Amino acid sequence: MDEWTVGKLLQWTTTYLGDHGSDTARLDAEVLLAHARGCGRIDLYTSYEEVVDDASRTSFRELVRRRSSGAPVAYLVGKREFYSLPFEVNAEVLIPRPETELIVVAALDWIKAAALDRPRVVDVGVGSGAIAVSIAKYAPHCQFVACDNSVAALEVAKRNAVANGVGENVEFVESDLLAEVAGPFDLIVSNPPYVAEAEFAELPETVREFEPRRALVGGPTGVEVIARLAPQAADKLAPGGRLLVELSPMIAEQCQQLFAGGDDWADVRIERDGAQLPRMLRATRAPCQG
Ligand SMILES: C[S@@+](CC[C@H](N)C(=O)[O-])C[C@H]1O[C@@H](n2cnc3c(N)ncnc32)[C@H](O)[C@@H]1O
């Protein structure tokens, strides 16, 4: 009987995962096999003809079985890269998405332009810590608060802050949005839950069945959490401070109207992501009247 070399296993698994609904079957197979063998993906290419030992094959087989049942690769290997930094992830936190890097870039640009000595920044709904930790890494002079209403998510975020060397700069607070957090802040960033309840049923199974619902669903229309955040953010931002909120193209217009009405906000804009989809609201806290 032919032996299971790295090359053969990858070939077989790519076909198998493709047949079981993965759009990224080859990549999945490589990431899972590298994880099972305890090596980097790049090392697979130089060991194509090597026979995979029994222990690695047993653990790989289990990973492939779970992947074919829809489990996301990031949860299977317990990590995901975001903004070129490593993040631990588990089923308590949303897997960071590449489009969320838009908030990090906008935040770092704003921090640089504002040129404050020690800006105060808060990340609302910190999850894995992707946004707060990435900003903290590249703007170490800021003082951060990171909040979430999930204690389990806060634990993951804390470990990611420490692992990325910014544990000292970030205070973690269990809070319903900004309720338990003392302002004023210069910058508020958030990737809140913004999926509408009806839309949730349409999400891919791998998201719907495995990622935390509380991280995704914003309410009946999807706008509810952002609508609650708006007055809290106005209350806790210093005049001239900046708010950056991720949203979906489906609710971009509603959110713009929500912020553009009233006196709290100036310079309300929706920015597009790399796929040219409306993805982020930015607004500046207007000076208080009277
Ligand atoms: C879309 S996830 C974002 C996670 C992470 N910031 C990211 O960008 O990958 C939303 C996060 O908000 C948290 N969350 C949901 N409702 C909240 C609330 N009312 N107050 C605080 N956090 C909340 C969830 O637990 C989840 O971690």
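The shell around the ligand has 13 nonpolar, eight polar and three charged residues by class. This is a predicted model, and the shell counts 24 residues, of which Gly125, Gly127, Asn149, Asn191 and Ala215 come nearest to the ligand. Helix H7 (130-138), strand E4 (143-148) and helix H11 (213-216) are the elements that give two or more residues to this shell. Here is a friendly tour of the rest.

**The sheet**

- Seven strands make up an open sheet with mixed pairing, and their order is E5-E4-E3-E6-E9-E11-E10.
- Strand E5 (170-174) and strand E10 (265-272) are the edge strands; each has a single partner strand, so one side of each lacks a neighbour in the sheet.
- On average, and with direction ignored, neighbouring strands of the sheet are turned by 15 degrees against each other.
- Strand E3 (residues 120-124) runs parallel to strand E6 (residues 185-190), with four bridges between them.
- Within that pair, Asp123 has Val189 in E6 as its bridge partner.
- E9 and E11 run antiparallel and are joined by five bridges, and Glu246 stands opposite Met280 in E11.
- E10 pairs with E11 in the antiparallel sense as well, over six bridges, and here Arg269 faces Arg282 in E11.

- Helix H13 (residues 252-260) lies across E10 and E11, and it runs at about 165 degrees to E10.
- H6 also meets H7: their axes come within 10 Å and cross at roughly 35 degrees, and the crossing is right-handed.
- On the H6 side of this contact are Ile103, Val104, Ala107 and Leu108, which meet Ile131, Ser134, Ile135 and Tyr138 of H7.
- By class, seven residues of the contact between H6 and H7 are nonpolar, one is polar and none is charged.

**Pro119, between H6 and E3**

- Pro119 sits in the loop between H6 and E3.
- Is Pro119 buried or exposed? Pro119 counts as buried, because it has 21 C-beta neighbours inside 10 Å, and the cut-off for buried is 20 or more.
- Beyond its neighbours within four places in sequence, Pro119 contacts Ile111, Ala114, Cys142, Asp186 and Leu187.
- Pro119 and Asn90 are 29 residues apart in sequence, and their C-alpha atoms are 31 Å apart in space.

**Backbone details in the loops**

- The peptide bond joining Gly183 and Pro184 is cis, with omega about -5 degrees; Pro184 belongs to the loop between E5 and E6.
- Ser84 is not a glycine, yet its phi is positive, near 60 degrees.
- Ser84 lies in the loop between strand E1 (79-82) and strand E2 (85-88), and it counts as exposed because it has 8 C-beta neighbours inside 10 Å.
- Which residue takes a positive phi in the hairpin of E10 and E11? Gln276 does, with phi near 65 degrees, and the hairpin has five residues between its strands.
- Gln276 is exposed too, because 8 C-beta neighbours lie inside 10 Å of it.

Conventions:
Residues numbered from 1 in each chain as written. Predicted model: local features only at pLDDT ≥ 70, side-chain atom pairs only at ≥ 80, totals over all residues. Pairing = 2+ DSSP bridges. Axes fitted to C-alpha atoms, helices over the stretch in contact; angles between N-to-C directions. Contact = placed C-beta atoms within 7 Å. Near = placed C-beta within 6 Å. Nonpolar A, V, L, I, M, F, W, Y, C, P; charged D, E, K, R; others polar. Left-handed = near helix turned anticlockwise from the far one by under 90°. Buried ≥ 20, exposed ≤ 12 C-beta atoms within 10 Å, placed from the backbone.
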